[in-house]
Amino acid sequence: GRGEIDLIMEDSHRTLVFIEVKSNRTRLSGHPLERVDRRKILQLQRMAQRYCWEFRQENREMRFDVVGVDLEEDGRAHVQHLEAAFLPDISGYYPSH
């Protein structure tokens, strides 16, 4: 399918920020940030490119962030925001866990 971008924002430097949000109710499927794989990265990059073309934003600085949310049984949420989780040129990187 075509997919969707969870959030599109602009930071204080006017950088266009595309944000993927992943959440877990259990750790059985691993850490939420680990679920952004190469296929998902490529899909997000294609959708961002289409967005920039459609809205004439091709010359904007951009970055891709990932937000992971672990939901606890008691209702608490642990949120991790990974800024510049991967680069627009497919040279993705992740910090070591």
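This is a predicted model: local features need pLDDT of at least 70, side-chain atom pairs count only at pLDDT 80 or more; totals for chains, interfaces and linings use all residues.
Residues are numbered from 1 along each chain as its sequence is written, and side-chain values use heavy atoms, with hydrogens and water left out.

Let's start with helix α1, which covers residues 38–54. Helices here are DSSP runs of H or I with at least four residues, strands are runs of E with at least two, and both are numbered from the N terminus. The 17 residues of α1 reach 24 Å from first C-alpha to last, close to the expected 24 Å; that expected span is 1.5 Å times one less than the number of residues.

Which residues of α1 are buried? They are Lys40, Ile41, Gln43, Leu44, Gln45, Met47, Ala48 and Cys52. Buried means under 20% relative accessible area, exposed means over 50%, and partly exposed is in between, using a 1.4 Å probe and protein chains only. Strands β2 (16–24), β3 (62–71) and β4 (77–86) are among what covers these residues, with contact meaning heavy atoms within 4.5 Å.

Now for the inside. In soluble globular proteins, nonpolar side chains tend to be buried together.

Next, look at the rings. Rings of Phe, Tyr and Trp (its six-membered ring) pair if their centres lie within 6.5 Å; planes under 30 degrees apart count as stacked, over 60 as edge-to-face and the rest as tilted. The whole structure holds 4 aromatic pairs. One of them is Phe18 with Phe64, stacked at 5.5 Å centre to centre with 25 degrees between the planes. This pair links distant parts of the chain, since Phe18 sits in β2 and Phe64 in β3, 46 residues apart. Why is the pair of Phe64 and Phe86 stacked? Because their ring centres are 4.8 Å apart and their planes are at 20 degrees. Both Phe64 and Phe86 are buried. Ring pairs link Phe18, Tyr51, Phe55, Phe64 and Phe86 into a cluster.
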